[in-house]
Amino acid sequence: MPGPRATAAAGSTSRLGRWIGAGVLIALMAGSARDAHAAAGAGGSAAGAAASGPPFYASFLKKPPTAAALTALGRELFLDPALSASGRLACASCHDPAHAFGPANARAVQRGGADGRQPGLRAVPSLMYQQNLPPFTEHSFDDEGDDGTDQGPAGGRMWDGRAQSAHDQARAPLLSVFEMANASEGAVVAKVERAAYAAQFRSTFGARIFEERALAFKAVLLALESFEQSAPDFYPYSSKYDAYLRHEATLSEAERRGLEAFNDPARGNCARCHPSAMREGAFPQFTDFGFAALGVPRNAAIPANADARHHDLGLCGPLRMDLRARTEYCGMFRAPTLRNAARKRAFFHNGVLHRLEDVVRFYAERDTAPQKWYPRAPDGAIEKFDDLPAAYRGNVDELPPFGRRAGEAPALSEADIRDIVAFLNTLTDGYRVPAARASPLSR
Ligand code: HEC
Ligand code: HEC
């Protein structure tokens, strides 16, 4: 069945190619905020920048701030709990720098809001390796492929791709009632004006920056956005697998077998959506940024799910509004990177699984042993894909490793599962290259 991602091209990076070399680094190194903004645009905010006319700093900043100054300021803002209505919640509370910018705990959803007690609706994603995230599109193509097959929706920020840029994106948590819950943009600016780093803010954006509340708020977003583009923090490529790709490390037998099972179209077929191979000299992101419905089990630990009528359908709502009529998209979420996934303790958009091994086993057994993953209806039937209304269950991906019948042998053996977990552990940043192997060119 041809269609979105029908081809099991092991290790091929479907949508990634054209976003490589977006110039983010070069632009940031050039030290100009204008370039930094444009470069971030290549990763998502081009449309936003165009819609809002000339970049704001062009009109009010005498000298553009350097990327280094923006990044340093962005880091302060990111870590500052005073920027929330409760005074206790920073971006870093949910996106902990010590946990690959994901949550430090195993909870499915985190709490926020004005009283710090509003439960969120989705698991907190890592913010790493998003520098090449393309803007959302309904029609993506694999530019390496020769057939020009439409691979369907891809890109955009958030699990449902609804935020187009880091800029849009930073605004949301600052004002969201579930997160930092500030009453207004002005309220955020007033807090920055009182912060210890207010002087740094003035020296970066100009002595009179706080006089123009709207511009000062944009400056806050620009700094956060610049920080999120900081390579050493957000895309260091310092895992064992990266060292292996640089010929500075050797995979263990289990890790090597895991990589093979991960790529093998007849077994894991994971690289279909989480590409693992280098492409045009660029290291793999372990996501093609495409959307798929996996039919993961409903998670009763999310308070909103106490209401049986609540369904998080990803692309077709309810958090995302523009594609509500596109019922063929219901249940689809953006494939996350698997880099640093081994450090997570709540997996999938609803945080329903807590061990990496169980995630891999879910892929193996979803269709062959559904009774292990889904509840039974009163009549005894297994309620497969119980987090989706029956009308949308046909949207769920059925290609390998999925698509077998109950009772058949799974595509992955228990040994394959262990090996894939061993391999996924090589994707954690911070690997120390053995001194004897380190090349003079390595960072
Ligand atoms: C209360 C927890 C919480 C706080 C605080 C928080 N976030 Fe998030 N963040 C989330 C959740 C949950 C999502 C996913 C939401 C969704 O998909 O609907 C998310 C998504 C994101 C994304 C998109 C990631 C992706 O995979 O596309 C970015 C970027 C981001 N947050 C940045 C920030 C910044 C910057 C701040 C501070 C201004 C912040 N967040 C504060 C919980 C939080
Ligand atoms: C059809 C595309 C597709 C294939 C094939 C696929 N994945 Fe995924 N993967 C996704 C999507 C989409 C999600 C998010 C689904 C959700 O949250 O509802 C995901 C989520 C994950 C997660 C959770 C990451 C996190 O941050 O929560 C892991 C781990 C993972 N996949 C590993 C694998 C492995 C291992 C394989 C092969 C056995 C594989 N995937 C095959 C699309 C795919």
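How many nonpolar, polar and charged residues does the shell around ligand 1 have? By class, this shell has 15 nonpolar, six polar and four charged residues. Nonpolar here covers Ala, Val, Leu, Ile, Met, Phe, Trp, Tyr, Cys and Pro; charged covers Asp, Glu, Lys and Arg; the others, Gly among them, are polar. The model is predicted: local features need pLDDT of at least 70, side-chain atom pairs count only at pLDDT 80 or more, and totals for chains, interfaces and linings use all residues. Residues are numbered from 1 along each chain as its sequence is written, while chains are lettered from A and ligands numbered from 1 in the order in which they are written.

The chain has 443 residues, and 47% of them are buried. A residue is buried if 20 or more other C-beta atoms lie within 10 Å of its own, exposed if 12 or fewer, and partly exposed in between, with C-beta atoms placed from the backbone. The secondary structure comes to 14 helices and four strands. These are DSSP runs numbered from the N terminus: helices are H or I of at least four residues, strands E of at least two. Among contacts with a separation of 6 or more, 71% join residues 24 or more positions apart. Two residues are in contact if their C-beta atoms, placed from the backbone, lie within 7 Å.

Ligand 1 is surrounded by 25 residues. The closest are C91, C94, G112, W159 and P173. Two elements give two or more residues to this shell: α5 (91–94) and α6 (166–175). The largest share, five residues, comes from α6. A residue belongs to a shell if its C-beta atom, placed from the backbone, lies within 6 Å of the molecule.

Ligand 2 has 26 residues around it, and the closest are G268, C270, C273, F348 and H349. Helix α13 (residues 356–365) provides the largest share of this shell, four residues. The classes divide into 18 nonpolar, four polar and four charged.

Most residues other than glycine have a negative phi, and most peptide bonds are trans. F348 is not a glycine, yet its phi is positive, about 75°. F348 lies in the loop between β4 and α13. This residue counts as buried because it has 21 C-beta neighbours inside 10 Å. N269 likewise has a positive phi, near 55°. N269 lies in the loop between α12 and β3, and it counts as buried because 23 C-beta neighbours fall inside 10 Å.

Two cis peptide bonds are described here. One joins G317 and P318, with omega about 5°. P318 is found in the loop between β3 (291–292) and β4 (333–334). Another runs from P400 to P401, with omega near 10°. P401 lies in the loop between α13 and α14.

Q118 is in strand β2 (residues 118–119). Its class is partly exposed, because 19 other C-beta atoms lie within 10 Å. Beyond its neighbours within four places in sequence, Q118 contacts R111, G112, G113, V177 and F178. Q118 and E179 are 61 residues apart in sequence, but 7.8 Å apart in space, C-alpha to C-alpha.

Helix packing was examined next. Helix α4 (residues 67–79) has 13 residues and reaches 18 Å from its first C-alpha to its last, close to the 18 Å expected. The expected span is 1.5 Å times one less than the number of residues. The axes of α4 and α9 (residues 213–227) come within 7 Å and cross at roughly 100°. Axes are lines fitted to C-alpha atoms, for helices over the stretch in contact, and angles run from 0 to 180 degrees between N-to-C directions. The two helices α4 and α9 are therefore roughly perpendicular. Angles of 65 to 115 degrees count as such, whereas those under 35 are roughly parallel, those over 145 roughly antiparallel and the rest oblique. The α4 side of the contact includes A67, L70 and F78, and the α9 side includes V220, L224 and F227. Its residues divide into 10 nonpolar, three polar and one charged.

Helix α7 (residues 185–194) also packs on α9, at about 75° with axes 9 Å apart. V188, V189 and V192 of α7 are among the contact residues, as are A216, F217 and V220 of α9.

Helices α12 (residues 253–263) and α14 (residues 414–424) pack at about 105°, with axes 7 Å apart. The buried residues of α12 are E255, G258, L259, A261, F262 and N263. Their cover includes α14.
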